[in-house]
Amino acid sequence: MGLTKPKEAMGENSDEVLMGRVAQRDGVAYSCLLTRHLASATALAGRMVGNRADAEEVVQEAFLRVWKTAPRWRPDGASFRTWFSRVVVNLCIDRHRRPKPAPLEAAGDPADGGMLADQQLAQREEAAALARAVALLPPRQRAALALCYWQEMSNVEAADVLSLSVGAVESLLVRARRSLRASLEPQLSPGAAERRKK
Amino acid sequence: MSERRIRHVIAAFGSDLRRWPDKERGEARNLLMRDRAAAWEELAAARRLDARLDRLPALTPTPGLAALILARAAALPQEAAPSRPAAAPAAPVPGILARLRDMLAPGPLWPQLAGLTAAAAFGFFIGMSGIVNFDSSSNMPSSVASYDVGDFSGVL
């Protein structure tokens with residue numbers, strides 16, 4: 001197998017076409033799929049498991065599964081993106097029924113390099129509090145929120161990923177957002193931002 | 001769309017209409033433009049939560065992650081493709097060329113020789129028996145040009 005960098009021309013193919021080539025042990029097609037979906041898969045796994053080490057292990061496992069099972073893979077009505085998201089979500093759920101986030105790590109780096117140190121710290125603490133609240137959600141609620149909100153999937157697509165009805169996904173979302181609001185209520189209430197500044 | 005439904009949609013998908021279900025987005029927008037108070041509180045609360053969710057940064061892959069995955073995959077065998085039930089092999093139908101090749105292919109000569117011998121013996125018998133008269137005075141045409149091409153349509 002020659003695993004080389006993806007060729008420009010390969011990037012124009014759909015995921016499903018690339019997957020067909022991966023089934024023929026085409027390393028370039030595999031590399032192209034990897035390039036296309038790595039960031040999204042890492043972000044999804046990060047929202048699900050709450051820390052980098054576990055998220056990247058899940059992502060590795062998911063991509064290795066793509067390679068390994070490619071000859072057996074059939075679209076069966078679902079797109080590669082849907083199928084692959086399902087693999088990532090299921091690996092996350094299997095891995096950690098209750099994630100142990102590293103809050104400051106999960107909060108990531110501050111977006112603005114010119115921000116004052118205390119503002120940076122406040123922003124990181126705020127993100128860490130949200131990461132903790134998200135981590136406390138039941139796995140399926142967390143998955144529904146991650147897929148529909150951060151991954152910007154439609155309710156139908158998220159339902160496909162989670163193998164649930166659209167109504168069930170909506171219920172998960174309502175409960176997830178209600179829980180987050182309850183956890184973050186003191187910070188979410190009107191005027192909280194002004195109170196924090198004082 | 002009822003007010004109850006729009007509250008449920010906001011509670012599930014947040015304040016940004018782009019995240020709402022495609023089928024209901026237009027109707028929901030019209031309802032909110034007509035009567036913004038219908039779901040005002042829900043919208044405001046959802047907007048505050050969305051602002052927090054938007055600020056949670058996404059995890060980005062470490063620089064070496066892609067290379068690590070490629071290296072691991074390169075050492076990993078793939079699963080075999082599912083075996084399809086083998087269809088019974090159909091009897092090969094020889095094409096024209098194959099038939100011609102068979103006809104011209106060298107083989108035992110005795111059938112051809114037997115046929116030739118039988119034809120010669122039959123000809124000799126006919127000639128000697130006088131069944132056919134080869135008298136030159138008969139009305140046989142003398143040249144090909146004098147042949148009258150008959151209608152063979154009833155024969156052929």
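What follows is a conversation about how some terms apply to this predicted model.

Modeller: This is a predicted model, in which local features need pLDDT of at least 70 and side-chain atom pairs count only at pLDDT 80 or more, while totals for chains, interfaces and linings use all residues. Residues are numbered from 1 along each chain as its sequence is written, chains are lettered from A and ligands numbered from 1 in the order in which they are written, and side-chain values use heavy atoms, with hydrogens and water left out.

Biologist: How many helices and strands are there in chain A?

Modeller: Chain A has 10 helices and zero strands. Helices (H or I, at least four residues) and strands (E, at least two) are DSSP runs, numbered from the N terminus.

Biologist: Why is B:E24 called buried?

Modeller: Buried means under 20% relative accessible area, exposed over 50%, and partly exposed in between (1.4 Å probe, protein chains only). B:E24 has a relative accessible area of 19%, so B:E24 is buried. In chain A, buried residues make up 51% of the 198 residues.

Biologist: What makes the link between B:E24 and B:R5 a polar contact?

Modeller: A polar contact is a pair of N or O atoms within 3.5 Å; within protein, one must be able to donate a hydrogen and the other to accept it, and residues adjacent in sequence count only if both atoms are side-chain atoms. The side chains of B:E24 and B:R5 are joined at 2.7 Å, so the pair is within the limit. B:E24 itself lies in helix α2 (residues 22-34) of chain B.

Biologist: Why is the pair A:F80 and A:F84 called stacked?

Modeller: Rings of Phe, Tyr and Trp (its six-membered ring) pair if their centres lie within 6.5 Å; planes under 30 degrees apart count as stacked, over 60 as edge-to-face and the rest as tilted. The ring centres of A:F80 and A:F84 are 5.5 Å apart and the planes are at 10 degrees, so the pair is stacked. A:F80 and A:F84 are four residues apart in helix α4 of chain A, about one helical turn.

Biologist: What makes the pair A:F80 and A:W83 tilted?

Modeller: The centres are 5.8 Å apart, with 45 degrees between the planes, so the angle falls among the rest and the pair is tilted. Both A:F80 and A:W83 are buried.

Biologist: How do you know that the charged end of B:R19 sits over the ring of A:Y149?

Modeller: A charge sits over a ring if NZ of Lys or CZ of Arg is within 6 Å of the ring centre and within 35 degrees of the ring normal. The charged end of B:R19 is 3.6 Å from the centre of the A:Y149 ring, and sits over that ring.
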